[in-house]
Amino acid sequence: MSRLKSRPLVADTNLTARCKLRGPAKNRFLDDFVKPGHRQTTPITAHEDTRMPTSFGTILVVDDSTTMRNVIKKILEPVGYSVLEAKNGIEALTMALSDSPPDLITLDVDMPKMDGFSACRKILSDYHENGVSLTKEKRPHIVFVTANDNVESRRQGFEAGAADFIAKPFHKEEVLATVERILSPPKNEEGMTALVVDDSALARDILMQNISREGWMAIEAENGCQALDIIKREKERIDIIITDLVMPEMDGITLCHTIRNDLHMDNVPIIFLTSVADQRELLKVFQAGATDYLVKPFFQEELLARLRVHIEKSMLVRQLRDTITESKRAEKERAEKERLQGVVEMAGAVCHELNQPIQTISGLTELMIMRADTGDPMAGYANKIKTQVDRMGKITAKLTNVATYRTKAHDGVTRIIDIDGASPSPPVET
């Protein structure tokens, strides 16, 4: 788990009085909420900002401080985002669960009526359990913007379903980068695919959001049996498996054991998510074939760090596998060319040696046919010899046109060169 950097907190002394400032004094006060050294001397515009997101969206800014809402709004609106405002968790809940929910919500933690953690849990639980009108694509991402950036706050936030944290005071660029990373995730250039297995729909959704933001594809299953069906269909596509330990129908240990022993997928990383830190239980996990594990609750940064390490290893294994396959293909092609060269050389020598005797026999049989009397049985024999000699000529002609190395069964034990299959010429009639 990465160590959190300590950051200075925004002081709240005389905040009420300062919020009443107007004009230049107020603008100077707004800049005080942003980390020094990154102030813009001119307003940011969509044309001037080269880091402008590739797609825009609606962001709901939730904070009981009007000043803080204005600070965030001042950062987001100039680059093209539409900003809505709410001053407490109750208002945020109403707007988040509307028919047109925002794409992303920034939430303060300490607010009257309903704090940020409660609002986050309520939004996500209503989405999953009460069948509200939100679809998975419409579900808003939640980012906590708080001065209380500590281990316990992050634990509560990620448990509630937060996508990320921004600590006050912050850089303008930090806010824009976080929003863009969530709303415009990188494309899946590496083609990596993760299978997420958990009986909790909320847990699956949170994991899949984090995976998608890294640019990877994600497939979900709600238990081990469903996961096995997916793996059998998508065996070549899945690069990493993230599974809960305790699930109905089939638990994580049974799933892992089946993947390793029955499906023989030895190189696919399997990461367990468990709330049990008992050493005996963890021993069973590794005996079943687990690659790694994380104890719930865990930090988003820790999860992504583990995934990156194992994805990188999986990519190296895939590249090695592809290299071996290509090497085998090239070796097979080289051996086939060598065999073909041998066949062609042999065919050329045979044709050269047979060509003159065949022409001699053909000429003599034609002479015999011409000199034979009508009704002479020798003329019939000569015609049969001429037919077979012509057939031999066609065979030698096919030998000179051999283009591929191909064999066929001869007597059930040995194999011989398939002249008809190896040559583009029509087959020789028997």
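This tour moves through a predicted model, from an open sheet to a helix packed on it and then to two further helices.

Begin by selecting the five strands that form an open sheet in the order S2-S1-S3-S4-S5, with parallel pairing. Strand S2 (82-86) and strand S5 (164-167) stand at the edges, and because each has a single partner strand, one side of each is left without a neighbour in the sheet. From one strand to the next, the twist averages 20 degrees.

Next, show strand S1 (residues 58-62) together with S2, which pair in the parallel sense over five bridges; within this pair, Ile59 stands opposite Val83 of S2.

Among the buried residues of H8 are Arg204, Asp205, Leu207 and Arg213, and the helix is followed by Gly215, whose phi is positive, near 90 degrees.

Finally, select helix H9 (residues 224-233), in which Gly224, Ala227, Leu228, Ile230 and Ile231 are buried. These residues cover an arc of only 165 degrees around the axis, which puts them on the same side of H9, whereas Lys232 and Arg233, on the other side, are exposed. The buried residues of H9 pack against strands S6 (193-197), S7 (217-221) and S8 (240-244) and against helix H10 (252-261). At the start of H9, look for a side-chain oxygen of Asn223 that reaches to within 3.1 Å of the backbone nitrogen of Cys225.

Definitions and conventions. Residues numbered from 1 in each chain as written. Predicted model: local features only at pLDDT ≥ 70, side-chain atom pairs only at ≥ 80, totals over all residues. Heavy atoms only, no water. Buried < 20%, exposed > 50% of the residue type's maximum accessible area, 1.4 Å probe, protein only. Helix = DSSP H or I, 4+ residues; strand = E, 2+ residues; numbered from the N terminus. Pairing = 2+ DSSP bridges. Axes fitted to C-alpha atoms, helices over the stretch in contact; angles between N-to-C directions. Arc of directions from axis to C-beta. Contact = heavy atoms within 4.5 Å. Polar contact = N/O pair within 3.5 Å; in protein donor to acceptor, adjacent residues only side chain to side chain.
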